[in-house]
Amino acid sequence: MMRELIWFSLSASLSASVQSFHLSPFQQAVTPLRTYPLQSKASSRRGRRGFGLGHPTSKKVSYPPIHLDEVDDDDHDINSQIFPLHDDLEQQLNTHHDHSTVSHNNSNNNNINAGARVSEFLSNIPKVLSPPPLISSTQEWRKLQRHAQTIKSTHLRDLLQDPIRCDAMFAEHDGVYFDYSRQQVTLETMDLLFDLAEKQELTKRIQAMVNGEKINFTEDRAVLHTALRASKDKIGTVFVDDEDAIKEVHEVLDQIKQFTEAFRSGHITGYTGKRMRNIVSVGIGGSYLGPEFLHEVLKTEEEGISSSLGYSLRFLANVDPVDVERTCADLDPEETLIIIVSKTFTTAETMLNARTMRQWLWDFMGDDIDVVRKHVVACSSVSATANVKAFGVDTENYFFRFWDWVGGRYSVCGAAGAVPISLLYGFDLFEKFLEGARSMDEHFINAPMRQNIPILMGLLGVWNSSFMGYNSRALIPYAQALLRLPAHIQQLDMESNGKRISRHGIEIDYPVGEVDFGEPGTNSQHSFFQLIHQGQTIPVDFLGFVQSQHDILIDGEKLSSHDELMSNFFAQPDALANGKTADEVRAEGCAEELILHKVFDGNRPSSSLLFPQLSAYVTGQILSLYEHRTAVQGFIWDLNSFDQWGVELGKKLAIDVKDHLTKARYDPKQQPVVIPDAPATSRILNYYVKNGREATDNGTGMSVNPLTSVTRKTYREHIPPPIHDLGGNVGKLS
């Protein structure tokens, strides 16, 4: 059917093409063709869904008109303007093009030859118009699949005895030392992975990203988190929709620096004239996880300790009202600045918490509009300015913008991180964090693949997930200050690469996207390392530091506490790789019946990253390193790593449930909730509503009345003075 439709589309132009041969038959043929349906490769596999011809979800792909008179002998990139071409057909098209300049004096012979070439071209039309094949169908992928079978029969214990191999498997950059010799790879494996990267045009895709091309095609957006930490000398080099991206970034950074210095110097005060010392950042997802992970590092960083004296920073993310109580219980609202971080200023959880914090401020200082104007800061997109203003924020002085070309999970280097971190620690320390990220960005963009740490990590991630079959991955930082790094990387990676459709609209048939988790060492060793050593095989990233933020050597000890910590950092990768054989256990005198319980199979892969010392600069390097690892894996897997449609369905259903819950709470007849086609949900929702109504009457003391207001049991155990008008959102702002 596809072939017949294509033939019909082209037939009307064929007679004209041989009579006006100054255009090649190929050029004449494709001119009227503008759209075609993409058919999922998966549709041809039994039991898999696809987007076939005529399917209601068929995707129409439109291409812009081609100015054929601008195509010369050196311009054979027609495929990038129209559709992917197979190599053999591309050769034919180039041949057609070369003959397009033949003199009209030979037109008769040309017409005969043209007819033959058109027939040959049309026989290849189905091949040309097929969607690009999945990466799993390429020769490079299949070679890796065959090679994986060989590697699975090889033990790391043996691979680690090869000094040439081990000496080749490390990379360094700006104090960062990456050792991947304990990965289940050989030099041949790496060659095959580099071949796959070349096939996927990895370096070209990296350049497209950092140059501002709209690679997030489902949202028609550029992906420019690297611009957030670009230096001022790069102004004028990256444009998005004719706007100078880096210039805009530095305008906002300058604004943040001016504001935060005024705040820290005491020039900016609260509604009652008090100096503000407490900062509460309200946001969720990337608006919270990234800034919090950075905050935890700087809390014990030498410069961070001194610069933050007298101030406090807390994060309010969960819509659970207990999070509000835990955040605000001992804070003085007159000395508290609230930061609301939401790109659209409509995120449900964030805006409910924002309204709650606004009510908290009003409860103590009255509902004057100036309470909000002096105590609430917004970090949001320019397109959300109206929403920010409607909330009561001073958009002239207390509004810090960011852009659609930065996703939430990549936004810690923007206003989402810059405002809270600079308020607490000062802008200069935040700037050092940006410098570290910039250092790793430049390495990622410029270093050859074989010495490029983020690329190496990304390729190893693809190898472990898609070829070795490992669907989980652990991140173990041997630094307590990085306790929130695993949570941030978990969102960064799983929200980016937890996909099932390729960028060409085809359902993938290969494993992608690991389950990321982690905990600082040595705590993790006493938590889940039992499973890592003797259960499932889970690749591990170990992060260590040459120097501690704060070391201790007590009397009578030969080694410092940091050396004790790092002994585990060096021992664990070898234990995972080498394991312990039955003979080794037996040689220790173990009872025979216990030997199998004490055997460690080993052959469990890991990588080690060693940094100088955990500082703001190094933290920027770590962040950039993992952001780029995620991008590399997405590029190799042919995914769009920069959208997140998977979070939308749950949000939509939650809105529907809220409507039913609101009706149930306010129904005077207290009729049971009935959600169509969801009897299980109806049942448990009715249980929740019924028990909620009864809880305050059965002696439990639970405060579950849906009409309760913001708690006033805060830093002062008293009810606010009666002169305050607690009108809330029906007060003066309305």
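Student: Which strand order does the open sheet of six strands have?
Tutor: The order is 3-4-15-14-12-13, with mixed pairing. Strands here are DSSP E runs of at least two residues, helices are H or I runs of at least four, and both are numbered from the N terminus. Two strands pair if DSSP finds at least two bridges between them.

Student: What kind of model is this?
Tutor: This is a predicted model, where local features need pLDDT of at least 70 and side-chain atom pairs 80 or more, while totals for chains, interfaces and linings use all residues. Residues are numbered from 1 along each chain as its sequence is written, and side-chain values use heavy atoms, leaving out hydrogens and water.

Student: Thanks! Back to the sheet: which are the edge strands?
Tutor: Strand 3 (170-173) and strand 13 (515-518), each of which pairs on one side only.

Student: What does strand 13 pair with, and in which sense?
Tutor: Strand 12 is the partner, and the two pair in the parallel sense over four bridges. Within that pair, S472 stands opposite V515 in strand 13. V515 and F517 make up the uncovered face of strand 13, whereas D516 and G518 make up the covered one.

Student: And strand 4 with strand 15, parallel or antiparallel?
Tutor: Antiparallel: three bridges join strand 4 (residues 176-179) to strand 15 (residues 606-613). Y177 stands opposite L610 in strand 15.

Student: Changing topic: how many cavities of 30 Å³ or more does the search find?
Tutor: Four, over the whole structure. A cavity is a set of points on a 1 Å grid over the protein atoms alone where a 1.4 Å probe fits but cannot get out.

Student: Which residues lie nearest the centre of the largest cavity?
Tutor: Q183, G461, N464, R473 and D541, out of 16 lining residues, meaning residues with an atom within 4 Å of a point. Helix 21 (453-467), strand 12 (472-477) and strand 14 (540-547) each give two or more residues to that lining. Helix 21 provides the largest share, five residues.

Student: Last one: is D363 buried or exposed?
Tutor: D363 is buried, because its relative accessible area is 1%; buried means under 20%, exposed over 50% and partly exposed in between, with a 1.4 Å probe and protein chains only. D363 belongs to helix 16 (residues 348-365).

Terms used
On a 1 Å grid over the protein atoms alone, a cavity is a set of points where a 1.4 Å probe fits but cannot get out, and a pocket is an open set with protein on both sides within 12 Å along at least five of seven lines; lining residues have an atom within 4 Å of a point. Grid points are joined across faces, edges and corners, and a volume is the space filled by probe spheres set on the points.
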